[in-house]
Protein chains: 2
Amino acid sequence: MIGSINHIAIAVPDIRAAMAQWQERVGAEISEIQTLPEHGVHVAFIKAENGKVELLEPIDENSPIAKFLEKNADGGMHHICFDVEDLIASRDKLIAAGGRVLGSDEPRIGAHGKPVIFIHPKDLSGTLIELQQA
Amino acid sequence: MIGSINHIAIAVPDIRAAMAQWQERVGAEISEIQTLPEHGVHVAFIKAENGKVELLEPIDENSPIAKFLEKNADGGMHHICFDVEDLIASRDKLIAAGGRVLGSDEPRIGAHGKPVIFIHPKDLSGTLIELQQA
């Protein structure tokens, strides 16, 4: 049921400093910064040929990634997002197999304007996985 | 200079248990397990349309991922590997911009039989990045 890897998200304490490092040290091509107030983040996209890595900086201490950065001061890999053809079917399969959705079981609108759920990291290799309606 | 995202690696304490979770909970299609004694890991590939996620289980306590699992008992995202066209040029650019290669600066042969370097996580958003000769 997994489609494409939509993105890999890296939380960073300072997005401009991170962008400079990625550009200077590995020659990354990076988008402009977008601010998504409803998601509590500034975001910029590192472009690869087959996908993208998102750099996320919290807007403030209420951001969903603020706590992650308290534990990982340098930043770090935060989640992987996969596209799925049918998010509701994917959610139901997850729950039927003993997996948990973070927060409400109802999909919410993610940072890309599409319905998403996040899977509890304890239920999938200690890794935060986002499923997004393709 | 970044080409494609070659793979995302997730370290897991028990690869068979992890495979079962990914198959049952998100419908992942996964390869057979391969054992790479010279890299200290058992590996299986979760197939996505545009790339792959590798599940890595340490062979023993000398495995390069054993310490990571001591700190992350459930498993977790370990590194991202990008293909690059010219690994030596990428390495030289990294070093010139103040980035550090883990271990020796000389590329070694990675798990896919191609030359690789790993970049110090402190030098790139707290994230372990592997660069692989395309």
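**Entry 1: the largest pocket**

I looked up which element gives most to the lining of the largest pocket, and found that H2(B) has the largest share, four residues. The model is a predicted one, in which local features need pLDDT of at least 70, side-chain atom pairs count only at pLDDT 80 or more, and totals for chains, interfaces and linings use all residues, while side-chain values use heavy atoms, without hydrogens or water. Residues are numbered from 1 along each chain as its sequence is written, and chains are lettered from A in the order in which they are written.

I took helices (H or I, at least four residues) and strands (E, at least two) as DSSP runs numbered from the N terminus. A pocket is an open set of points on a 1 Å grid over the protein atoms alone, with protein on both sides within 12 Å along at least five of seven lines, and lining residues have an atom within 4 Å of a point.

I recorded about 1,300 Å³ of space in the largest pocket, where a volume is the space filled by probe spheres set on the points. Its lining has 39 residues, and A:Phe68, A:Asn72, B:Phe68, B:Asn72 and B:Met77 lie nearest its centre. Helix H2 (66-71) and strand S6 (76-84) of chain A, with H2 and S6 of chain B, each give two or more residues to this lining. I noted 15 nonpolar, 15 polar and nine charged residues there; Ala, Val, Leu, Ile, Met, Phe, Trp, Tyr, Cys and Pro count as nonpolar, Asp, Glu, Lys and Arg as charged, and the others, Gly among them, as polar.

**Entry 2: the cavity**

I found one cavity of 30 Å³ or more, a cavity being a set of points where a 1.4 Å probe fits but cannot get out. The largest cavity holds about 40 Å³ of space. Both chains line it, through A:Ile5, A:Asn50, A:Gly51, A:Lys52, B:Ile5, B:Asn50 and B:Gly51.

**Entry 3: the interface**

I noted 51 residues from chain B and 51 residues from chain A in the contact (heavy atoms within 4.5 Å). The chains bury about 3,900 Å² between them, 61% of it on carbon and sulfur atoms; buried area is the accessible area (1.4 Å probe) lost on being put together, summed over both parts. B:Arg25, B:Met77 and B:Ser125 supply 19% of the area that chain B buries against chain A, more than any other three residues.

I counted two salt bridges between the chains (a side-chain nitrogen of Lys or Arg within 4 Å of a carboxyl oxygen of Asp or Glu). A salt bridge joins the side chains of A:Asp74 and B:Lys122 at 2.9 Å, N to O.

Terms used
Buried area = accessible area lost by both parts, 1.4 Å probe.
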